[in-house]
Amino acid sequence: MSQTDLDPGRAIAERIERFVRDVVIPYEKDPRATAHGPTDELVAELRGLAREAQLLTPHIGVDGAHLSQRATALALQASGLSPLGPVALNVMAPDEGNMYLLGRVADDAQKRRFLDPLVSGEARSAFFMTEPAEDGGAGADPSMLQTTAVQNGDDWIINGRKAFITGAVGASVGIVMARTDAGDGKVAATMFLVDLPHPAVRVERVMETIDSSMPGGHSIIALKDLRIPGDQILGAPHQGFKYAQVRLSPARLSHCMRWLGACRRAQEIATAYAVKRHAFGKPLIDHEGVGFMLADNMIELKQAELMIDWCASVLDTGALGTTESSMTKVAVSEALFRIADRCVQIMGGSGVSGDTVVEQIFREVRAFRIYDGPSEVHRWSLAKAVKRQGLSVQTT
């Protein structure tokens, strides 16, 4: 893809940045932005403003076509300048990843029923995969899936528990991943589409977590005799693990895009603070200890941007890009954490207060190192790839 091909993404990103700075950022102190994410009332209000500005779901056209991953990166980075930006523009997780998956796997009827309300911003969704550790269920290792789906005539009966399910409270669309028997003795999984709320899908509790940007928060969910018709299987039966990779590779990258925008904002705030704040006879920025931290941030912001663009270019070729997305997710999430941490340190007491958004960005980026697989799991996966490469090399 040429640089000219990125022009649509640049044009949209410029409009998004103006919208986020002028319209969304003033909402950051709104009491409806709660510890469990913005309320549905606030989400609807912000999305109404984005709709008026013709910026709602900007990465998906009216014909259903997506921007390229590289162009999407520009748009999502601009949205991330505020933690409320991705929510307002309808590019926040888990909805953005669920829209991507449905757009590639769902049939036409499923798209009309489940995807269209998400793209229009009228509905939210949840992805039910992770399970409670005390149940011995799936976390970073999906093969440990304990939730089961058993065929009963034309229907399937699902039972199990799920954990850390983002956005389940208030969601209208659910994608449930359950263990199924393909008859070959191997561990298999199937994805099911569910209308929410549903009496067989019960929220046991909304968890207390350090992040607070995603509507509905994160919940423990009980699935009790959930009956799903066969025409609500997403894609083909027993292909859930494959579809999870279809979703996760770009979803990891989208997280990188959004939180890069947030850390750019934190850098702006910390820089303004360091220029104005004086200590020991001069501005903080003139002390090498502070100036060098801001310089390191500048370097790592650019490195993160370049790595995101590289991974996006791989995904744009049609490659699955699991290795590239794992490398990018580890490198960018850890770099952004260092950036946010330095911003907090530069600002001292102000950096750990709610007086600016820097404190929230630090919390969100810390959680990002766990979202869609912790760094250690990605490194383990990459190490296995390195081993395969090493075994394939002829030594002399």
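His238 is partly exposed, with a relative accessible area of 25%; on this scale buried means under 20%, exposed over 50% and partly exposed in between (1.4 Å probe, protein chains only). You'll find His238 in the loop between β9 (218-229) and α7, where helices (H or I, at least four residues) and strands (E, at least two) are DSSP runs numbered from the N terminus. His238 also has a positive phi of about 70°, although it is not a glycine.

Bear in mind that this is a predicted model, in which local features need pLDDT of at least 70 and side-chain atom pairs count only at pLDDT 80 or more, while totals for chains, interfaces and linings use all residues. Residues are numbered from 1 along each chain as its sequence is written, and side-chain values use heavy atoms, with hydrogens and water left out.

- Asn90 is another non-glycine with a positive phi, about 65°; Asn90 sits in the loop between α4 and α5 and counts as buried at 0% relative accessibility.
- That loop between α4 (85-89) and α5 holds Pro94 too, and the peptide bond from Ala93 to Pro94 is cis, with omega near 0°.
- A cis peptide bond also runs from Leu196 to Pro197, with omega near -5°; Pro197 belongs to the loop between β7 (188-195) and β8 (201-206).

**Around Asn159**

- Asn159 is part of strand β5 (residues 155-166) and is partly exposed, at a relative accessible area of 24%.
- Skipping neighbours within four places in sequence, Asn159 is in contact with Thr147, Thr148, Leu223, Lys224 and Asp225 (contact means heavy atoms within 4.5 Å).
- The Asn159 side chain reaches the backbone nitrogen of Asp225 at 2.7 Å.

**Glu300 and its partners**

- Glu300 is in helix α8 and counts as buried because its relative accessibility is 10%.
- The side chains of Glu300 and Arg342 make a polar contact at 2.9 Å. The term covers a pair of N or O atoms within 3.5 Å; within protein, one must be able to donate a hydrogen and the other to accept it, and residues adjacent in sequence count only if both atoms are side-chain atoms.
- Beyond the four places either side in sequence, Glu300 is in contact with Ala335, Arg338, Ile339 and Arg342.

**Helix packing**

- The axes of helix α3 (residues 69-79) and helix α8 (residues 288-316) come within 8 Å and cross at roughly 140°. Axes here are lines fitted to C-alpha atoms, for helices over the stretch in contact, and angles run from 0 to 180 degrees between N-to-C directions.
- That makes α3 oblique to α8, given that angles under 35 degrees count as roughly parallel, over 145 as roughly antiparallel, 65 to 115 as roughly perpendicular and the rest as oblique.
- On the α3 side, Gln69, Arg70, Ala73 and Gln77 meet α8 residues including Ile308, Ala312 and Leu315.
- Over in helix α10 (residues 358-368), the buried residues include Val358, Ile361, Val365 and Phe368; the buried residues of α10 pack against α7 (240-276) and α9 (322-347).

**Cysteines**

- The structure holds zero disulfides, a disulfide being a pair of cysteine sulfur atoms within 2.5 Å.
- Cys263 is in no disulfide, and the nearest cysteine sulfur, that of Cys343, is 7.0 Å away; Cys263 counts as buried at 0% relative accessibility.
- Cys311 is in no disulfide either, with the nearest cysteine sulfur, that of Cys256, 7.6 Å away. Cys311 counts as buried, at 0% relative accessibility.
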